[in-house]
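The following note sets out several points for colleagues who are reading this model.

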Amino acid sequence: MANFSRCGFKLFRWSVRKMKISPVFSVLFLTAASCLNAADNGTFVAIGEGGVIVKTTDRGTTWSIRPSGTTRTVRAVFFTGPQIGTVVGARGTILRTTNNGDTWTSQISGTQDDLCGVFFTGPLIGTVVGSNGTILRTTDGGAKWTQQPSGMGRPAGAQKFCGVFFTDPNTGTVMGKDGIILRTDTGGAAWSRQSSGVRNWLVSLVVNQSGREVAVGGGGTILLRTEPGVPWTLRASPTTEFLYSVHFADTRYGVAVGSHGVILRTKDGGQSWDSQSSGTQNHLFGVSISATTGIAVGFYGTILRTGDGGVTWTGQASGSDAHLYGVSDCGK
């Protein structure tokens, strides 16, 4: 089963936090988790099965459930600052918050396709991607979403997009099934295909502060591009597990998480990666890292917290069967 998520980092310590969430079942694709210009204000929002949204304001020590208004699985979350965030999920679900994740309102997406990735370059301009080749764009904060053609020239049902990242309102990248990478410099009005060199799922993409692009996906795939216009290169990976999410804190430090509790860490901007012990065998689907705190989430309500960059890790069962698919630092 294929499942799917950007921010900041320093040197942390990890520990599992317990949550009380009603159990939910069935996993589809996964999620993305992101933030724009994030700073560590101690506030994180995690999302998952059955419309679950939980929030912490103390760097992951305690978590509380926030009403989402939906029972549909939500798979990706993106905050543009401490107030405004967007969540996307099953059957065209799009939710928006303007009060730091305390309450959420539904938006009309115009599609029943599953939505798996979301990215905003500011409070108004954003792009959402998903199954059946879905690419949606808004320029008014989600009051209206417009379908964009992918230009793939094959049946839309064969296209599944997961990761999305924009460096400015016009320049962006989408990726997904079979190693697909699409690029636009027209705000999504037109897309062109790039060679990834792989056929594995690509589900999460980040551009760090130096402009390096890192993508991860199936079979432990890690791709690196040092600047726009140069080819993607396959990096040596210490795992063959599915990597679901990757985040960077600065130009050097980044973390990727994946199935069976895999956590990888880079100290050189994605050139090389080392395995770290997470203390859990549960799949980890989302990670968000800021200057002093990092949070990773996964199966059965798993939440891992770091305060020293992953030097030490502890893990335990959360006491919940709820699967968490994404997490975002709510930023400054």
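Is Gln 148 buried or exposed? The points below begin with that residue; the model is predicted.

1. Gln 148 is buried, because its relative accessible area is 10%, under the 20% limit. Its place is in the loop that links strand 13 (146-147) to strand 14 (161-166). The side chain of Gln 148 comes to 3.4 Å from the backbone oxygen of Gly 188. Residues up to four places away in sequence aside, Gln 148 touches Ile 135, Arg 137, Gly 187, Gly 188, Ala 189 and Trp 191.

2. Gly 269 sits between strand 24 (263-266) and strand 25 (274-276). Beyond residues up to four places away in sequence, Gly 269 touches Asn 208, Arg 212, Val 214, Leu 224, Phe 248, Thr 251 and Arg 252. Gly 269 and Glu 213 are 56 residues apart in sequence, while their C-alpha atoms are 9.2 Å apart in space.

3. In soluble globular proteins, nonpolar side chains tend to be buried together. Here the largest nonpolar core has 43 residues, and Phe 161, Val 214, Val 246 and Trp 273 have the most contacts inside it. Leaving aside neighbours within four places in sequence, the contacts of Trp 273 include Val 214, Val 246, Ile 222, Phe 248 and Leu 264. Arg 265 and Thr 266 are also among the residues in contact with Trp 273. A second, separate core has 18 residues, including Ile 47, Trp 201, Val 203 and Cys 330.

4. The largest cavity holds about 30 Å³ of space. Its lining consists of Phe 165, Thr 167, Thr 171, Gly 172, Thr 173, Arg 183, Leu 205, Val 207 and Glu 213. Strand 15 (172-176) and strand 18 (202-207) are the elements that give two or more residues to this lining. By class, the lining residues are three nonpolar, four polar and two charged.

5. Most residues other than glycine have a negative phi. Arg 59, however, has a positive phi near 60°; this residue is in the loop between strand 4 (53-56) and strand 5 (64-65). Asp 178 also has a positive phi, of about 60°, and lies in the loop between strand 15 and strand 16 (181-184). Arg 59 counts as partly exposed at 32% relative accessibility, and Asp 178 counts as partly exposed at 21%.

Technical notes. Residues numbered from 1 in each chain as written. Predicted model: local features only at pLDDT ≥ 70, side-chain atom pairs only at ≥ 80, totals over all residues. Heavy atoms only, no water. Core = buried A, V, L, I, M, F, W, Y, C linked by side-chain atoms within 4.5 Å. Buried < 20%, exposed > 50% of the residue type's maximum accessible area, 1.4 Å probe, protein only. Contact = heavy atoms within 4.5 Å. 1 Å grid on protein atoms, 1.4 Å probe; cavity = no way out; pocket = protein on both sides within 12 Å on 5 of 7 lines; lining within 4 Å. Points joined across faces, edges and corners; volume = space filled by probe spheres on them. Helix = DSSP H or I, 4+ residues; strand = E, 2+ residues; numbered from the N terminus. Nonpolar A, V, L, I, M, F, W, Y, C, P; charged D, E, K, R; others polar. Polar contact = N/O pair within 3.5 Å; in protein donor to acceptor, adjacent residues only side chain to side chain.
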